[in-house]
Amino acid sequence: MNFYTADTHFYHDSLLTSQVFSPRPQFLTVADMNETIISHWNAKVKPNDTVYHLGDIAMKYTKPASLIKAQTLDILSHLNGHIVLIKGNHDSSALFKYLAQQQLNSQNGQPKFDFHEVGVRLKFDHHEVFLTHYPMMLGLTKNQINLHGHIHNYSVHAKENINVGVDSPDIDYLPSNSVPFGAPLSENELIAIIAGKKRDYLQRV
């Protein structure tokens with residue numbers, strides 16, 4: 001099964017006290033935040049599933065820089081599934097190179113990580129789906145969808161753009177509290193979000 005997420009921002013302590021952008025006041029420490037995301041991720045994702053992470057894995061102002069790479073690898077090693085990493089603005093090329101050099105194996109013996117600098121194109125539920133970190137402006141389109149992250153607790157006011165980040169307000173199209181914080185979204189959940197956002201759009205026009 002495939003799952004989708006973005007903007008986990010492991011270790012990002014300033015989000016705990018943010019008043020506007022991506023506030024996470026429910027956590028007292030980054031350790032608590034990290035463990036909550038790991039727990040909710042693993043409760044949903046099985047070892048043989050695939051998770052598309054659409055950028056901004058972790059963020060920490062640490063010296064030396066090698067420490068955050070090792071800490072990010074440690075976090076990822078505790079997450080179930082084969083993880084397809086799409087580069088976000090806080091994911092350096094050096095981090096991807098390090099993760100590739102330290103490549104882990106999934107439970108089925110396959111490499112745990114795949115890496116993409118820009119994005120991935122998939123098809124599901126009769127949609128052509130573009131997976132990117134930054135929102136794309138698709139224009140007039142019938143069956144194209146852009147899954148993205150980057151904008152955290154904001155939403156693009158276009159039915160084709162679905163924010164899959166852990167802080168995304170688009171998750172509100174699902175039943176209340178049905179997605180624990182940090183749990184990736186399944187394709188069935190995305191289909192419901194796409195339908196809900198399209199319905200809202202048609203009611204406005």
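Colleague: What does α4 lie across?
Modeller: Helix α4 lies across β5, β6, β7 and β8, at about 130 degrees to β8. Angles run from 0 to 180 degrees between N-to-C directions. Helices (H or I, at least four residues) and strands (E, at least two) are DSSP runs. This is a predicted model, where local features need pLDDT of at least 70 and side-chain atom pairs count only at pLDDT 80 or more. Residues are numbered from 1 along each chain, and side-chain values use heavy atoms, without hydrogens or water.

Colleague: Which residues of α4 are buried?
Modeller: E189, L190, I193, I194, G196 and K197. Buried means under 20% relative accessible area, with a 1.4 Å probe and protein chains only.

Colleague: Now the sheet. What is the strand order?
Modeller: The order is β5-β6-β7-β8, in an open sheet with mixed pairing. Strands pair if DSSP finds at least two bridges between them.

Colleague: Which strands stand at the edges?
Modeller: β5 (119–124) and β8 (161–163). Each has a single partner strand, so one side of each lacks a neighbour in the sheet.

Colleague: And β6, how many of its residues are buried?
Modeller: Six of the six, so β6 is largely enclosed by the rest of the structure. H127, V129 and L131 cover one side, and E128, F130 and T132 the other.

Colleague: Do β5 and β7 run parallel or antiparallel to β6?
Modeller: β7 runs parallel to β6, joined by four bridges. L131 has L147 in β7 as its bridge partner. β5 runs antiparallel to β6, with six bridges. There, G119 is partnered by T132 of β6.

Colleague: What about D125?
Modeller: D125 takes a positive phi near 50 degrees, in the hairpin of β5 and β6. That hairpin has two residues between the strands.

Conventions:
Buried < 20%, exposed > 50% of the residue type's maximum accessible area, 1.4 Å probe, protein only. Contact = heavy atoms within 4.5 Å.
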